[in-house]
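Good morning. I will take a few minutes to walk through one protein model, and please keep the picture in view while I talk.

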Amino acid sequence: MRRRRAGRLVGPLVILLLAGAGPDGSGETVSLDGDRPGERLDVTLTRVVDPAGTADADRLVAVELRLENTGTVAYRDSPAPAAHLLDTAGQRFTGLDTATGAGPSLPGTLTLAPGDSASGFVTFRLPEGAGLAAVQFALDTGRGDDVGQWSLP
């Protein structure tokens with residue numbers, strides 16, 4: 001997991017191994033600040049389902065995220081486009097609101113009052129054979145300066 005702001009790493013690259021973290025980076029929580037004062041979210045990568053289905057010649061990969069509003073204002077955003085999956089070739093794929101058999105998807109628009117949380121899947125469409133490298137998440141529909149990243153094996 002790593003965190004960056006405005007296109008640069010905050011301090012040196014640090015990889016944290018948290019108690020309970022799974023081999024796919026799951027279980028790790030990162031706190032992210034939004035663009036509005038008081039906007040803060042704890043994001044946990046719970047698990048990765050690969051494959052989660054197929055679409056034409058591509059495969060679907062689903063990542064389960066838990067979002068908890070730890071800020072002082074309501075969080076309202078679209079979680080799917082806020083999530084990205086990077087493959088081992090350096091390509092970046094944006095999350096989709098596509099249902100799979102992995103489990104329930106996060107809603108297209110999510111509103112969380114301070115202290116509330118929600119869990120669900122975000123789906124990615126990748127070429128068959130693409131290797132998984134990392135999952136990223138940022139507030140403000142993925143355009144926030146504060147980006148959480150979980151490395152995948």
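Strands here are DSSP runs of E with at least two residues, helices are DSSP runs of H or I with at least four, and both are numbered from the N terminus. Two strands count as paired if DSSP finds at least two bridges between them.

Before going on, a word on the source. This is a predicted model, so local features need pLDDT of at least 70 and side-chain atom pairs count only at pLDDT 80 or more, while totals for chains, interfaces and linings use all residues. Residues are numbered from 1 along each chain as its sequence is written, and side-chain values use heavy atoms, with hydrogens and water left out.

Back to the pair. Which residue in β4 is the bridge partner of Asp33? That partner is Arg40. Asp33 and Arg40 also form a salt bridge, with the closest N and O atoms 2.3 Å apart. A salt bridge means a side-chain nitrogen of Lys or Arg within 4 Å of a carboxyl oxygen of Asp or Glu. Asp33 is partly exposed at 23% relative accessibility, and Arg40 is partly exposed at 29%. For these words, buried is under 20% relative accessible area, exposed is over 50%, and partly exposed is in between, using a 1.4 Å probe and protein chains only.

Now the sheet. β3 and β4 belong to an open sheet of 4 strands, in the order β3-β4-β5-β10, with antiparallel pairing. Its edge strands are β3 and β10, each of which pairs on one side only. On average, neighbouring strands of this sheet are turned by 35° against each other, direction ignored. The axes behind that angle are lines fitted to C-alpha atoms, for helices over the stretch in contact, and angles run from 0 to 180 degrees between N-to-C directions.

Stepping back, the protein has 1 helix and 12 strands. Along the sequence the pattern reads β-β-β-β-β-β-α-β-β-β-β-β-β. Of the 153 residues, 46% count as buried.

More on salt bridges. How many does a search of the whole structure find? The count is 7. One of them joins the side chains of Asp50 and Arg59, at 2.7 Å from N to O. Asp50 is partly exposed at 36%, whereas Arg59 is buried at 7%. Another is between Arg125 and Asp56, with the closest N and O atoms 2.8 Å apart. This pair links distant parts of the chain: Arg125 sits in strand β10, residues 117–127, and Asp56 in the loop between β4 (40–55) and β5 (58–69), 69 residues apart. Arg125 is partly exposed at 32%, and Asp56 is exposed at 75%. Asp56, Asp58 and Arg125 are linked in a network of salt bridges.

Next, the interior. A nonpolar core is a set of buried Ala, Val, Leu, Ile, Met, Phe, Trp, Tyr and Cys residues joined through side-chain atoms within 4.5 Å. The largest one has 30 residues, and those with the most contacts inside it are Val43, Leu65, Leu67 and Phe137. The elements that give two or more residues to this core include β3, β4, β5, β10 and the helix α1 (79–82). Apart from that core lies another, of 5 residues, among them Val49, Ala62, Ala102 and Phe121.

One glycine deserves a stop. Is Gly95 buried or exposed? Gly95 is buried, with a relative accessible area of 8%. Gly95 lies in the loop between β8 (92–94) and β9. The C-alpha atoms of Gly95 and Ala80 are separated by 4.5 Å, although the two residues are 15 apart along the chain. Not counting residues up to four places away in sequence, Gly95 touches Ala80, Pro81, Ala83, Val122, Thr123 and Phe124. Contact here means heavy atoms within 4.5 Å.

Last, the end of the chain list. Strand β12, residues 146–151, is largely enclosed by the rest of the structure, because 5 of its 6 residues are buried. β12 runs antiparallel to β11, and 5 bridges join the two. In β12, Val147 is the bridge partner of Ala138.

That is my tour; I will take questions now.
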